[in-house]
Amino acid sequence: MLVNLNDVLLDAKKGKYAVGLFNTVNLEMAKGVIGAAEELNSPVIIGTAEVLTCYSTIDELAYFLIPMAKKAKVPVVLHFDHGYSEDLIKKAIRYGFTSVMYDCSTMSFEDNIATVSRMVKYCHLRNVTVEAELGHVGANEGGSAEGSDVAGEDMYTNPFEAQKYAEATEVDALAVAIGTAHGAYKSKPKLDFERCQTIANIVKA
C-alpha cells in the first residue's frame, strides 16, 4: 500500500526499529526491494534523489513505482530524497510522491528554518510528509568527517538547535549529522552515538 512517512515512522519510533530507504532508479531494483520487504513483512521507503534524476526522471519513476507501491502487501513510502530545487520537489508531489526531503543544510540556521517551513506548509496541505536536514552529512571523498567538506564541530548537529528547528518547521522527519557521510568510508568514522540519543530524546520529529 502507498503511504507517507508518518504512516511508518511513528510506529517504528514506538517499536524502536528502523525502516530502510532504498533508491530505486529502475524496475528491477524496485521489484527487488519491494519483494524483499514483502518477504520480511516490513514497511519500506523507496524512491530517488535529485542527483539521480539524470538516470531516471521523476515522471518515468512515478509511472511504475506508484502502481507497485499501491499493490504491495506492505506499507511503501515513495520518497524524493535530497531535493534542492523547489520546482523538482513540487513536480515529484504532482506525480504522486508521498514524501520529500528538502535539503537546505548548507543554508544558515535561520534561512533553513524559513525555507523549509514554507515547504512544510505546502506539503502538509497535500498529505505529503517532509524530511529536512540540520548539520551536514558530507559527500565523503575522504571517508570520514575529517575527509568531508565540513570538519570539526560544524559537521555535527547541535541537539538543542535540532529541537528548536523541528518545532519551528514542523517537519515530519529530521536527518541529523553524527559523523556519518555519504559514500564508501576510507577511514574509520567517528560516530557520536551519545549526540544521536540526545537528539532522539528531545526532538519530536
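Author: In helix α4 (residues 86-94), Ile89, Ala92 and Ile93 are buried, where buried means under 20% relative accessible area, exposed over 50% and partly exposed in between, with a 1.4 Å probe and protein chains only. Helices here are DSSP runs of H or I with at least four residues, strands are runs of E with at least two, and both are numbered from the N terminus. This is a predicted model, in which local features need pLDDT of at least 70 and side-chain atom pairs count only at pLDDT 80 or more, while totals for chains, interfaces and linings use all residues. Residues are numbered from 1 along each chain as its sequence is written, and side-chain values use heavy atoms, with hydrogens and water left out.

Back to the buried residues of α4, Ile89, Ala92 and Ile93. They cover an arc of only 100 degrees around the axis, so they lie on the same side of α4. The arc is taken from the directions that run from the helix axis to the C-beta atoms. On the other side of α4, Asp87 and Arg94 are exposed.

What do the buried residues of α4 pack against? Their partners are α3 (58-71), β4 (76-83), β5 (99-102) and α5 (109-124), with contact meaning heavy atoms within 4.5 Å.

After α4 comes Gly96, and the phi of Gly96 is positive, near 110 degrees.
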